[in-house]
Amino acid sequence: MTKKSNYSNIFIYLLAFTSGFSIMGIELLGGRILAPFFGSSVHIWGSIITVFMLSLSLGYLLGGKLSTRSPSLSTYGLIFVVAAITLLPITLFSQWLMEAIFLTVEDSRYGSLLASMALFFIPTVILGMLSPYSVRLLVTSSNESGQVAGKLYFVSTLGSALGTIVTSFYLIMWFDINVIIFSFCTLLACLGLLAIFINKIKHSHASELSHV
Amino acid sequence: MFKYVKLLTLLLILATSFVQAKVIHNERSLYRNILVEDKGDLRCLKFNVKSTKTQQSCYLKSQPQQLVFNYTKLLMASLLLNPEPKRILIIGLGGGTMSNTLAQLYPNSHIDNVEIDPAVIKVAREYFGFFENENVKTYNQDGRIFIKRALLKKQSYDWVILDAFNGDYIPEHLLTKEFLQEAKTLLSDNGMLSSNTFSLSELYAHESATYQAVFGDFLQIRNSTNSNRIILVSKNGLSNTTIDTKNIARLDARLTPYNVNIEQLHQNIVSTENNQNWPQNTRVLTDQFSPANLLNSK
């Protein structure tokens, strides 16, 4: 049994790593997505980082709250799937959206802030929810809660570091921006569905055992 | 006469090279380090201390008319296509040398300068005698946004000069197919676009393929001493813009005081029509795919 829960813990860490990887990969691509309409001035990065920090902070708050209501691996997986779906508009509607904002807002500082909000706010809030939710799934006693939180931040922030360097050094040299974002979506959705699937098997297994 | 001027300039440059360079202004702007250096009569604007490709703009204090830099002279070759540009757009100010020269050559033409870094504008005004009047304007804006807004206002230019690259960094959103299409739309009916670029190795092919995808075959003039090249394109494509040899004589007298030998430049122009020196299947740079700086360092 302990071995099994070990495997499921490793799986949760893997998911947290992937979410950290995607968040920073997308943040980095944000600058390139906005540049054609809002330029490459310093305030572009100001807008993007502001929106990412703001939405992550709200995501932590919401994720923590959600983790108090019958936490399960399947809800956790569902958050991944929803995050993947909310990322899709970046590939599908960003041109149209940025054009509309460009036409209505003359000042490129507020234009870029509004565009980052429209494109990145919702998916980043949802990705941010995963951190506290992961802690809830991993912690079994209050004694080890600090250590688990530390390990989780270690893994997800390491993912962020790797997401940044891999995207900026290699991915942008090999692929279109949309291809990279679409790959992040697919990866997050697949891992989310896998989590839901694993949870189902675990439950049916558990109920079988209880019948015996 | 022309020979003497040339010789004198050469002597001056030689003489100044023995003089110790003196930094007279040094500031860290939002985008870069800005250095103004005096070396005898020669004053230069530099964007970075250590790199070798960093001199942005130079002029001789005693003869501000003379174009010291080779690439500014190369840019003048564009006038062979259209010797009387009425509306000129310059993206990337540097020391303002190009704007000053064109304002003297064409006092009745309208010149818009666009520069992203406010500190560069300030330095050009204070140290390089960059002048503005009702015909010469400066806008502190990103070049791509300026062009997009200008299109919305239905403006057009006879000559667009892209000089926003330096040897160390390329603004990648100014080297994509989408951007060049926007710039092309901004050109007047027989408008032209000149681009001063520094592409090396792999980027050379990608940049060439991108320009070709938007404008068709183009003209280029290279500098033998470094990776500098001027790409020259026109709205109507190459076939409609064969250089009128009458222009050479017309321009010669006007450009000689600026130390520009237009006849020599004319001979150095190469068309890509029968001289394509990059692979046919090279990937075009787009807003989706524009790793220009990575490609340039490979």
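What pattern does chain A follow, read along the sequence? Read in that direction, chain A follows the pattern α-α-α-α-α-α. The model is a predicted one, in which local features need pLDDT of at least 70 and side-chain atom pairs count only at pLDDT 80 or more, while totals for chains, interfaces and linings use all residues. Residues are numbered from 1 along each chain as its sequence is written, and chains are lettered from A and ligands numbered from 1 in the order in which they are written.

**View 1. Chain A, with six helices and zero strands.** Helices (H or I, at least four residues) and strands (E, at least two) are DSSP runs, numbered from the N terminus. The radius of gyration of chain A, taken over C-alpha atoms, is 19 Å, close to the 17 Å that the globule rule gives for 212 residues, so chain A is as compact as a globular protein of that length. The globule rule is 2.2 Å times the number of residues to the power 0.38. Along the principal axes, the C-alpha atoms of chain A fill a box of roughly 70 × 30 × 30 Å. Of its 212 residues, 41% count as buried. A residue is buried if 20 or more other C-beta atoms lie within 10 Å of its own, exposed if 12 or fewer, and partly exposed in between, with C-beta atoms placed from the backbone. Residues 24 or more positions apart account for 86% of the chain A contacts with a separation of 6 or more; two residues are in contact if their C-beta atoms, placed from the backbone, lie within 7 Å.

**View 2. The contact between chain A and chain B.** Chain A and chain B put in 14 residues each. On the side of chain A that touches chain B, α1 (2–38), α5 (145–174) and α6 (177–211) each supply at least two residues. The largest share of that side, three residues, comes from α1(A). By class, the side of chain A that touches chain B has eight nonpolar, five polar and one charged residues. Here Ala, Val, Leu, Ile, Met, Phe, Trp, Tyr, Cys and Pro count as nonpolar, Asp, Glu, Lys and Arg as charged, and the others, Gly among them, as polar.

**View 3. The open sheet of chain B.** Chain B has ten helices and twelve strands, and 44% of its 298 residues count as buried. Eight of the strands form an open, mixed sheet in the order β7-β6-β5-β8-β9-β11-β10-β12. Two strands pair if DSSP finds at least two bridges between them. β7 (136–140) and β12 (270–271) of chain B stand at the edges with a single partner strand each, so one side of each is left without a neighbour in the sheet. Helix α3 (residues 97–105) of chain B packs on the sheet and touches β5 (87–91), β6 (110–115), β7 and β8 (157–162). The direction of α3(B) makes about 175° with that of β6(B), where axes are lines fitted to C-alpha atoms, for helices over the stretch in contact, and angles run from 0 to 180 degrees between N-to-C directions. Seven of the nine residues of α3(B) are buried, so this helix is largely enclosed by the rest of the structure. Among them are B:Met98, B:Asn100 and B:Leu102.

**View 4. Strand β8(B) and its partners.** β5(B) and β8(B) run parallel and are joined by four bridges; B:Ile88 has B:Trp159 in β8(B) as its bridge partner. Five bridges join β8(B) to β9(B), also in parallel, and B:Ile161 is partnered by B:Ser194 in β9(B). Six of the six residues of β8(B) are buried, so the strand is largely enclosed by the rest of the structure. Strand β9 (residues 187–197) of chain B pairs with β11 (residues 229–234) in the antiparallel sense over six bridges, with B:Asn196 opposite B:Ile230.

View 5. β6(B) and β7(B) run parallel and share five bridges, and B:Asp112 stands opposite B:Lys137 in β7(B). From β6(B) the chain crosses through helix α4 (residues 118–127) to β7(B) in a right-handed β-α-β crossover. A crossover is right-handed if, with the strands pointing away from the viewer, the path from the first strand over the helix to the second runs clockwise. B:Asn135 lies in the loop between α4 and β7 of chain B and is partly exposed, with 14 other C-beta atoms within 10 Å. Leaving aside neighbours within four places in sequence, B:Asn135 is in contact with B:Ser109, B:His110 and B:Ile111.
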